[in-house]
Amino acid sequence: METIVKHRIKQVLKGDQNAYGEIVEVYKDKVFQLCYRMLGNRHEAEDIAQEAFIRAYININSFNQNLKFSTWLYRIATNLCIDRIRKKKPDYFLDAEVPGTEGLTMYSQVPSETPLPEDEVESIELHDTIQKEISKLPDKYRSVIVLKYIEELSLNEISEILDLPLGTVKTRIHRGREALRQQLRHV
């Protein structure tokens, strides 16, 4: 896959904009998922994912062809997410609780195609709880937890994305996991 992507990058550098569209198609879901896991909001995740692809396109000349493109792209997306988290003010979104209900969100009001709605609600509540607890982690722990356990990246890839030594990544994963375990002990 990387070979194909690097070939497309060479085409982009020669001025072929359609080749970049193919690169976006390859990575759009993974970048969105990364952003969603870090931000916890679908709309913000869509915005940041789009911004990540724009930044990557604008700065494609600075990409080192000897490295993996996905690592470079994930680094851009992760940094944008961290910037958004730091600048974020409290907002109200569709995932906010519906007034007059107990724990229901506007998303939970959307009809589901699953045969057992109770299971879907439980899954959403558990997911929301875990996502909420992940979002309470300090930035340095949240980013490594999301990259390791949600995106399932290797320690080396995380080290490259965050531009941190491998030992620091391991320490942050351990501490982040312990902090998350303490936060989720009531679940």
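Are tyrosine 27 and phenylalanine 69 buried or exposed? Select the two and look: both are buried (under 20% relative accessible area with a 1.4 Å probe and protein chains only; exposed is over 50%, and partly exposed lies in between).

Before moving on, a word about the model. It is predicted, with local features needing pLDDT of at least 70 and side-chain atom pairs counting only at pLDDT 80 or more, while totals for chains, interfaces and linings use all residues. Residues are numbered from 1 along each chain as its sequence is written, and side-chain values use heavy atoms, leaving out hydrogens and water.

**Stop 1: the whole chain.** Colour by secondary structure and you will find eight helices and zero strands (DSSP runs numbered from the N terminus: H or I of at least four residues for helices, E of at least two for strands). Buried residues make up 35% of the 187 residues.

**Stop 2: the rings.** Searching the whole structure gives six aromatic pairs (ring centres of Phe, Tyr and Trp, the last by its six-membered ring, within 6.5 Å; planes under 30 degrees apart are stacked, over 60 edge-to-face, the rest tilted). Return to tyrosine 27 and phenylalanine 69: their ring centres are 5.7 Å apart and their planes at 50 degrees, so this pair is tilted. Because tyrosine 27 lies in helix α2 (residues 17-39) and phenylalanine 69 in helix α4 (residues 69-87), the pair ties together parts 42 residues apart in sequence.

**Stop 3: helix α6.** Select residues 139-150, the twelve residues of α6. Among its buried residues are Tyr141, Arg142 and Leu147. The buried residues of α6 pack against α2, α4, α5 (117-136), α7 (155-162) and α8 (166-183) (contact means heavy atoms within 4.5 Å). Just past the helix, click on glutamate 152, which takes a positive phi of about 55 degrees.

**Stop 4: α7 against α8.** How do α7 and α8 pack, at what angle? The angle is about 105 degrees, with the axes 9 Å apart (lines fitted to C-alpha atoms, for helices over the stretch in contact; angles run from 0 to 180 degrees between N-to-C directions). The two helices are therefore roughly perpendicular (65 to 115 degrees; under 35 is roughly parallel, over 145 roughly antiparallel, the rest oblique). To see where they meet, show Leu155, Asn156, Ile158 and Ser159 in α7 with Leu166, Val169, Lys170 and Ile173 in α8.

Terms used. The expected span of a helix is 1.5 Å times one less than its number of residues.
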